[in-house]
Amino acid sequence: MNVEEEILNLFQTMDEAIDRLDALDNNLTNYSNILALEETRILDISSLSSHQSVRSTNSGKLLEETKELIDLLTLPFNLEDFDTLNDYNLDAFSKAVQTAQAKVDLLSNHELRKMQCCKELLEGCTMFLQSVPKLICNELTEKFKKDWQGKHRARHVNVARFATLLNWCKSFDPGMYNTIFQSYENSIKKSYAKEISNFFKDKIGTIQKRSNLDKGFSFAAKASTSMVDVSASRQNIKGSFGSVDSVNVKGSGDSMATYQTQSENNSKFDSLFIKVLDFITPLVVEEEDHLYDVFGIPYMEDIPADASEEEIKSRKEENQATNNILVRLFGAKLDQDFQQLIDVSYKLDPYYSLYMYLRLGRPSHNQEGSVFLKRFYSNCLIIVKRQFDQFIKNQVIQIGESKAHK
């Protein structure tokens with residue numbers, strides 16, 4: 001009896017275990033189905049994420065191209081706002097010209113150039129640019145007409161502000177650029193003529209005034225009346241660039257006073273002549289710099305010895321063109337007034353030619369970068385050298401005559 005009960009209990013326990021296994025198998029099956037479903041969802045989400053990434057990338061590229069198209073077809077300003085040019089809108093005007101020119105260069109060969117909006121923008125920018133050279137010319141012409149009271153530096157500062165526009169105009173409308181430069185040349189030439197004339201008039205007047213005050217103490221005049229004393233005395237003339245020492249004379253008190261006065265006159269003349277050179281050198285150098293910086297006129301340069309024939313020809317043509325401009329600006333008036341100063345100085349006292357000869361022969365001024373000045377001073381040196389040679393020749397003749405009388 002006990003055995004049968006135990007067997008029945010065992011079967012019952014096995015049945016319960018089988019039921020539990022069936023329930024567990026069902027749960028595992030359900031879990032498997034759930035996992036499969038989740039896997040499917042994850043795959044769907046992954047696929048959707050990939051599509052979203054591609055879509056996001058494409059949208060970003062589309063947005064960038066849209067912005068580029070908008071930038072291409074729009075201007076950051078209204079062209080109608082730049083129908084005039086003056087000192088107040090010059091910077092903004094220059095930027096507008098550069099922007100409009102960039103648009104024209106880009107749209108002219110752009111693949112969308114046949115679109116109506118592109119055509120309209122291109123036409124608007126082109127019309128604006130075509131009006132600019134005339135505006136530049138009108139504004140600068142008014143500035144050139146202004147009386148700057150002979151102050152070329154003030155004129156340089158005002159014109160230099162237009163350097164960007166002038167550089168653009170040179171390539172866009174060479175004809176109008178040449179008109180502007182011709183107007184500048186005519187204007188600055190008059191300014192320099194006035195400035196040079198006033199300066200040399202003042203310096204020549206100073207020389208003549210001193211000569212009238214010290215009349216009779218000229219070295220040449222004294223030599224012609226007292227050559228016996230001069231030939232008998234020792235003259236110690238040092239021809240250094242820095243100075244020419246006064247003539248040391250052992251003689252009477254009157255002779256010593258005469259030569260002391262002459263020494264003072266010579267020193268004053270030497271100082272005055274240095275001021276003349278200090279006026280001319282920066283005047284020319286500053287204009288050469290201005291022409292290069294603003295108008296793109298090349299500097300005159302010495303031709304290297306190892307230059308090719310083509311380089312020599314090109315350099316000569318550039319130098320000649322620049323030289324012609326400088327000659328028109330300075331040449332006639334500067335040559336005339338400087339020659340007058342040399343002649344007046346020589347007539348008042350031929351001994352002054354020695355000081356001019358020394359200063360022009362070894363100038364301390366910065367002429368290394370100005371070929372034009374080197375040529376100018378070289379020509380002046382030739383004139384002064386001839387005068388000095390004539391002065392020495394006259395002195396030799398007078399000494400010979402005084403010995404004959406003695």
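# A guided tour of the helices and salt bridges

Start by selecting K103, which counts as buried because its relative accessibility is 11% (buried means under 20% relative accessible area, exposed over 50%, and partly exposed in between, with a 1.4 Å probe and protein chains only). K103 sits in helix α2 (helices are DSSP runs of H or I with at least four residues, strands are runs of E with at least two, and both are numbered from the N terminus). Now show what surrounds K103: setting aside residues up to four places away in sequence, K103 touches D71, L72, T74, L75 and C125 (contact means heavy atoms within 4.5 Å).

A word on what is on your screen. This is a predicted model, in which local features need pLDDT of at least 70 and side-chain atom pairs count only at pLDDT 80 or more, while totals for chains, interfaces and linings use all residues. Residues are numbered from 1 along each chain as its sequence is written, and side-chain values use heavy atoms, with hydrogens and water left out.

**Stop 1: α3 against α5**

Next, select residues 116-145, helix α3, together with residues 163-172, helix α5. Two packed helices are described by the angle between their axes and the distance between the axes. Here the axes come within 11 Å and cross at roughly 125° (axes are lines fitted to C-alpha atoms, for helices over the stretch in contact, and angles run from 0 to 180 degrees between N-to-C directions). That makes α3 oblique to α5 (angles under 35 degrees count as roughly parallel, over 145 as roughly antiparallel, 65 to 115 as roughly perpendicular, and the rest as oblique).

Which residues of α3 and α5 make the contact? From α3, show L129, Q130, V132, P133, I136 and L140; from α5, show L165, L166, W168, C169 and F172. Coloured by type, the residues of this contact divide into ten nonpolar, one polar and no charged (Ala, Val, Leu, Ile, Met, Phe, Trp, Tyr, Cys and Pro count as nonpolar, Asp, Glu, Lys and Arg as charged, and the others, Gly among them, as polar).

**Stop 2: the salt bridges**

How many salt bridges does the count come to? The count comes to ten (a salt bridge is a side-chain nitrogen of Lys or Arg within 4 Å of a carboxyl oxygen of Asp or Glu). Let's visit some of them.

Select D87 and K143, whose side chains meet in a salt bridge with an N to O distance of 3.0 Å. D87 lies in the loop between α1 (2-73) and α2 (90-107) and K143 in helix α3, so this pair ties together parts that are 56 residues apart in sequence. D87 is partly exposed at 32% relative accessibility, whereas K143 is buried at 10%.

Move on to R359 and D270, a salt bridge at 2.7 Å, N to O. This pair links distant parts of the chain, with R359 in helix α11 (residues 352-361) and D270 in helix α9 (residues 253-295), 89 residues apart.

Then select K374 and D302, which form a salt bridge at 3.5 Å, N to O. K374 belongs to helix α12 (residues 371-405) and D302 to the loop between α9 and α10 (309-348), so to speak distant parts of the chain, 72 residues apart. K374 is partly exposed, with a relative accessible area of 31%.

**Stop 3: α10 against α11**

Select α10 and α11, whose axes come within 8 Å and cross at roughly 140°. The two helices are therefore oblique to each other. On α10, show F338, I342, S345 and Y346; on α11, show Y352, S353, M356 and L360, which together make the contact. These residues divide into six nonpolar, two polar and no charged.

**Stop 4: two single residues**

Staying in helix α10, pick N323. N323 is buried, with a relative accessible area of 13%. Leaving aside neighbours within four places in sequence, N323 is in contact with M300, F372 and R375.

Finish at E286 in helix α9, a partly exposed residue with a relative accessible area of 24%. E286 touches H152, R153 and H156, not counting residues up to four places away in sequence. Draw a C-alpha to C-alpha line from E286 to H152: these residues are 134 apart in sequence and 9.4 Å apart in space.
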